[in-house]
Amino acid sequence: MLDFFAIFSKGGIVLWCFQGAGVSESFAGPVNALIRSVILQERTGNSSFTHNALSLKYKLDNEFELVFVVGFQKILTLTYVDKFIDDVQLHFRDRYKNELGQKGALKFLINRFEFEDDFSRLLREAEGGSIARPQKPMRTYNESQKSQKTVKSMIETKGGDKGKEQTGKKNKQAKKAEAGGGEQAKSSSQSISKKAVENGNQSLSQEEIIQRREVFIRRQTTGRAEKTNKSPKPQKPKKKEKRVWEMGGTSSKDLDYSEANSNGSHSSQGLDNEAPAEPQIQVDSMKGDLRDVDYDSSEEVDEEEEEEVEERVVAANISRKGGRKGFGGMFGMLKGLVGSKTLTQQDMEPILEKMKDHLIAKNVAADIASQLCDSVAKKLEGKVMGTFTTVASTVKQALQESLVQILQPKRRVDILRDVIEARAQRKPFVITFCGVNGVGKSTNLAKISYWLIENGFTVLIAACDTFRAGAVEQLRTHQRRLNSLHPPEQHGGRPVVQLFEKGYGKDAAGIAMEAIAYARNQCFDVVLVDTAGRMQDNAPLMTALAKLIAVNTPDLVLFVGEALVGNEAVDQLVKFNQALADHSMSDHPRLIDGIVLTKFDTIDDKVGAAISMTYITGQPIVFVGTGQTYSDLRSLNARAVVNALMKA
């Protein structure tokens, strides 16, 4: 029932393999797909993987750097596979422990691993244990306990009821007697106190009693007179207090500009002082590749060095003092765990829980944060830590490596080279922008146009947003400003940017097709297709977007998303990809090729949306918008983003 089972090292050397009877296809294709899509991309949180008609289960052995993979048909439901792969791992480790413990990669080539007999025995045991056992036959009535009862045992006798009633009456009488005894005790105590008072009065003489009565009467009369003379003062209603603002000034005259000077110098000076001039855009400042997004990481490096020093001090002093408390940062509570041991799930669980909360606080989607922590746990479980290394530092380093691996592109993304190749073939390079409403598609399209113009290419903007009022006018304004920065006189009298528009209410796919044909005839280098913003659950608009992409087959489909979103990024990207796949007429539908991350300058160090978007699609972040001018366009720097994400 199994198609194959393979045991190989993380370096790619196959130690032992099994192929099922009647299986002619090699297992190299599914295993290579597993390595490329899961292991290399740090997506090992889920232990299953699907490739075409096969379902693959895998397990990592981090101590000996091994991978165990089993493959079977996707339509089969094999409940014993998880236990079976665990048993195979344990037996293989126990049998070849000495060979696997040797140092160097040559140990996998020198030693011979014969595992056929043990594998066949484990497979028979697993398949035998999974066979459904026959159900026990139902017992007859004579075999049941109810048949052993007699009619007399099921009848309730009156004597038993009377006995219960009599016992109940006795209990009630006993409670009443206890209550009566308590009341008698209370009455006796009260009579004793009264007698004590009377005896106290008898000990005084008649004159002393009269004097005490007069003093008592005098006190009562004076107290009443004082109360009657004093009249309650009427309370004044509480007035509303005037709020004093911190930056509001002391007098309202400072804010009165109605009596301006005759020459108007006062108002003009105030406006000039408070409103700074817009920074001028430097032409020819964006030639070549885009600059990376930068963070001031000098302080972060110093903090990391201080943390490492503190961790070493803890590791050196823990045997004498039993640990310390009070370290700052994300892993401050957990630095007392010293290294030089094999990592287990129990050791990493508190650190991973704290790490998960930290990622969610940095705007990473909750599901993605859980999967990342699970992937790190599987990557480190069973691994032997170095001397004087804490669990916290090991887990943090593994997470940083995983995040950098996720953010780095899995394929070559070089738009300038692709445009040059398309121009050599005398056809335009077509880029389509899509996304939800209000994320900045038109603005970032203009930024990318400016970058392409700076590198010597001509651009045609296709106004395919025929739904939103003002969309065409917005693109026309961008076209006029871009042409003013690069006048046609400097480019042989030809405008470097042109707008192709057909107004509102037309078919977007038809406008894009006409724009591409016009660009081919007029020898434009790049066509940028602007589409209408749409929510991911709007079925008619998603169908129209899928039609536009399927009909025109652009070279690059970019999803424009905000850096402000958290869990919503996952929903947007999943549903956009699903809609493009569902409404496509091809067997291999065209999905999102890259991401444009906008409003990156508004989030400080909460850069988790970049992780969420890249993890969901597996596609790179091609552009990053960092401001409001044409030159505020950057490329993603994975190391800088990870440093900002891990910053406590």
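Let me start with Ser442, which sits in helix α14, spanning residues 441–454; helices here are DSSP runs of H or I with at least four residues, strands are runs of E with at least two, and both are numbered from the N terminus. Ser442 has a relative accessibility of 7% and therefore counts as buried, where buried means under 20% relative accessible area, exposed means over 50%, and partly exposed covers what is in between, using a 1.4 Å probe and protein chains only. Leaving aside residues up to four places away in sequence, Ser442 touches Arg468, Gln474, Leu475, His478 and Asp530, a contact being heavy atoms within 4.5 Å.

Before I go on, please keep in mind that this is a predicted model, in which local features need pLDDT of at least 70 and side-chain atom pairs count only at pLDDT 80 or more, while totals for chains, interfaces and linings use all residues. Residues are numbered from 1 along each chain as its sequence is written, and side-chain values use heavy atoms, with hydrogens and water left out.

Now to Val472, which lies in helix α15, residues 471–485, and which counts as buried because its relative accessibility is 2%. Again not counting residues up to four places away in sequence, Val472 touches Ala463, Asp465, Leu499, Glu501, Gly503 and Tyr504. The C-alpha atoms of Val472 and Lys502 are separated by 9.1 Å, with the two residues 30 apart along the chain.

For the chain as a whole, we have 20 helices and 13 strands, and buried residues make up 39% of the 648 residues. Among contacts between residues at least 6 apart in sequence, 73% join residues at least 24 apart.

The largest nonpolar core has 115 residues, and those touching the most other members are Val395, Ile415, Ile431, Trp451, Leu452, Phe600 and Phe623; such a core is a set of buried Ala, Val, Leu, Ile, Met, Phe, Trp, Tyr and Cys residues joined through side-chain atoms within 4.5 Å. Helix α12, residues 391–407, supplies the largest share of this core, with 9 residues. A second, separate core holds 25 residues, including Leu66, Phe113, Phe119 and Leu123.

Let me turn to a helix pair. The axes of α10, residues 345–361, and α11, residues 366–380, come within 9 Å and cross at roughly 150°, the axes being lines fitted to C-alpha atoms over the stretch in contact, with angles from 0 to 180 degrees between N-to-C directions. That makes α10 roughly antiparallel to α11, since angles under 35 degrees count as roughly parallel, over 145 as roughly antiparallel, 65 to 115 as roughly perpendicular and the rest as oblique. On the α10 side the contact involves residues including Met348, Leu352 and Leu359, and on the α11 side residues including Ala369, Leu372 and Val376.

What is the phi of Asn363, in the loop between α10 and α11? Phi of Asn363 is near 80°, a positive value in a residue other than glycine. Most residues other than glycine have a negative phi. Cys523 is also not a glycine and has a positive phi of about 60°; Cys523 is placed in the loop between α16 and β9, and is exposed, with a relative accessible area of 55%.

Lastly, helix α19, residues 608–617, is mostly covered, with 9 of its 10 residues buried, among them Ile611, Met613 and Tyr615. Just after α19, Gly618 takes a positive phi of about 75°.
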